[in-house]
Amino acid sequence: MTADSAKPMAPSKGPKQKRRAKRPTKIPMPEKVDAEPGWEGEKAPTHDYILPLRDVVLFPGMVVPLFVGRPRSTAAIDIVTEGSHPLLAVAQRDPLVDDPLPQDLHSVGTLCNILQTMRLPDGSYKVLLEGVSRKIVFEYAETEAEEAPFMARSLPMPDIFKPTKEAEAKVRYIRELFEDYVRLFKKIPKENLLAVISIDDPAVLTDQVAAHLSVKTEVKQAILAAPSVDERLSLLSQCLEEEIDILEVEKKIKGEVRSQIDKSQREYYLTEQIKAIQRELGREGEALDEIEEYREKLVALHLPKEAFQRAEKELNRLSTMAPMSPEATVVRTYLDWIIDLPWDIASEEVLDLDQAEKVLEKDHFGLKKTKERILEYLAVRKLNPQTKGPILCLVGPPGVGKTSLGKSIARATHREFARISLGGMRDEAEIRGHRRTYIGSMPGRILQTLKKVKTKNPVILLDEIDKMNSDFRGDPASALLEVLDPEQNKHFSDNFLEIEFDLSQVFFITTANVLYTVPPALSDRMEVIEISSYTEQEKTQIAKRYLAPRAVTENGLKKRQISFRQEAFVRLIRQYTREAGVRNLEREINSVCRKVARKFASEEVDAKEKIVIDGKKVRKLLGIPKFTDLDNKKSEADVGAAVGLAWTQVGGDILHIEVSILEGKGELVLTGQLGDVMQESAKAALSYTRSRGKEYNLPIDFHKRFDIHVHLPEGAIPKDGPSAGVTLATALISALSGIPVRSDLAMTGEITLRGKVLPVGGIKEKLLAAHRNGIFEICIPKENQKDLEEISESILKKLKINLVGRIQEILEIALESKRKR
């Protein structure tokens, strides 16, 4: 190892000049440094000559050659070599100082022996120094001579070391790190590595390892000045870790650059060879090689006869075209698509019913009917592997797990999974592909997905099938008829390929919020499975088993830092969400976890502390509830106001209907964005009320003397459907008779002019909506009794269900005066 230590540096010719310390007449003395407590050995200070080192730190046991050229340094070498005087090598604080003063030197240096000296023609020395031991300088002697060497009083620094298990672990870790460092650094001979790691003395080991490191002088000086061996081990391990990280990054960068250079050189060499061959063959070789390559790939695909003949025909056309012609590019693209499609590649199914059931139960809570249908399919598939793939349509409100259920089906069957969003799609070519006559044409989304998953039997989820549109470009719903028909999709033909592709092994799953927007011909080809709204108990279990653990992990928290009590989930469900699914519930749980994560990140709470989320904590973190907890809300009966039940795209909901009687000419005013069907229900209810005026003691000729105003609040939201007929009739009769309607009762059903109550749909969602809003007595059509079997027993126990066949039965229950009789 060589370094220019004491030799003066030539002044720079640039704008930056090297700094030279101004020397006073008498050199100022630094503060006296006391010995560390616990030091052993010689306590009496010695007088040593000082050799300032620049950009070099000499460690005990280290042998280093140096060029010494500064006057003070050469004088010190002369004196030490002539007599038996000790020499202390001390590193400079700033290497730019040519003539340092005592304050420019570090306080800890290394006592050294001069092994060799060589006088050079210019008067400087080349010396070989060997470090002996650490010493700390606490006082410099005064000197008047300009060129006189520094002399200082110093004390030895013994190596303080207490053998412990922790110290032994640090020593072993240093050896491992140094081996990694040598492996990456490459400039240290393996002989040196073997010699260093075989050292048993921890003090000697730290000095030898530090001496071999290529790090800044300040880092080495910090290790040299550390009073105890344990502290040196800690500093050295930290330094080695940082250097190894840097060297690994350097190695990665060098490897990337080298591979890129090698690749570029190789490509250049091969390109030049190809050009030379093409010149010799009249540029025919490239085309022939390309045609042969395509032919080999097509033969290896085992294509159907029709597909192979079509591909071979296109290949023959390509062989007659100019290589750079636009038409040749189109043919190449066509052949590439044929080659990339998975004609005979299929995922290996694992038809283990027990394992599939475990996967479905692990990923989703409830959904019994859906899980049974999937397991039935797997059972049939196990008995008859040639069975066609089913077409399932999962219908339900947002957030109930339709899309994630598709992923679970793929996991349960060990198939690849892909999702195609159909929402807003209005171009038939998105399904069937574009014809090759168009520039930039390509196959449809179905074949694109199969190319992506590289298997012909994946699970493909067609999301939001109820939100497709149609315009002058075609109707994508009609294009899906071929895709989703088990009798036709075996011979699916894409406009781009114009050859048949077998889709019969694909497991298609579609999702929708409602079915009435799906064309009847399309819905007829699918097996519809309705996924209803979740009950409060189901939401609580889903939050406990799935949502909360996932939110804790995604927000960087640990299980030992946060836990949720059941009352927290109940409060989130009742007061911060009001939905059919659990999407908003997941958002609120994530919001709670983010606020807790902020507390830990800002060290507001100790990292070892555990925060328990209960109902009060939810209120504190999320603020004012978004909804009132209606379970404990007391409401009074009101005249002309009734509560109905509605079924929307996002699940069930309650519907407030208000009727006011005004002096007028018998007009019927309907407000609140009522649809055509609901307006007709209002007119039917009015006609029934007029026909039964005497029975309910209504004013004579009220339809001529009074205006009737029917209003549904939340006027910005469109409302439609026949199920509000009985609610409208009840509110009308209440307003005209002055009898209040119970506010703790909800009702649903279509009314006829004869007063019959007809069945309606969405009974489960409507009952769950009533339960969510704190209404526990409900009137439903008698013919809807069969729908109660799908409702959880725990919900039915909390509800009082009145099965009615005529409107008179509802009025007996709903009107306050009728009940009192």
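Contact means heavy atoms within 4.5 Å. The model is predicted, so that local features need pLDDT of at least 70 and side-chain atom pairs count only at pLDDT 80 or more, while totals for chains, interfaces and linings use all residues. Residues are numbered from 1 along each chain as its sequence is written, and side-chain values use heavy atoms, with hydrogens and water left out.

Figure 1. Leaving aside neighbours within four places in sequence, Thr 752 is in contact with Tyr 688 and Leu 758. The side chain of Thr 752 also reaches the backbone nitrogen of Lys 756, at 3.0 Å.

**Figure 2. Asp 55, a residue with positive phi.** Asp 55 is not a glycine, yet its phi is about 65°. Most residues other than glycine have a negative phi. The loop that holds Asp 55 runs between β2 (46-53) and β3 (63-68). Asp 55 is exposed, with a relative accessible area of 55%; buried means under 20% relative accessible area, exposed over 50%, and partly exposed in between (1.4 Å probe, protein chains only).

**Figure 3. His 302 in a loop between two helices.** The loop lies between α7 (285-301) and α8 (305-319). His 302 has a positive phi, near 55°, and is a residue other than glycine. With a relative accessibility of 60%, His 302 counts as exposed.

**Figure 4. Leu 674, a buried loop residue.** Leu 674 lies between β20 (668-671) and α21 (676-691). Its relative accessibility is 10%, and Leu 674 therefore counts as buried. Gly 721 is 47 residues from Leu 674 along the chain, and the C-alpha atoms of the two are separated by 9.0 Å.

**Figure 5. The protein as the setting for the close-up views.** The protein has 27 helices and 27 strands. Of its 821 residues, 47% are buried. Among contacts with a separation of 6 or more, 75% are between residues 24 or more positions apart. The protein exposes about 43,000 Å², of which carbon and sulfur atoms supply 51%; accessible areas come from the Shrake-Rupley method with a 1.4 Å probe, and for residues only the protein chains shown count as cover.

Note on methods. Polar contact = N/O pair within 3.5 Å; in protein donor to acceptor, adjacent residues only side chain to side chain. Helix = DSSP H or I, 4+ residues; strand = E, 2+ residues; numbered from the N terminus.
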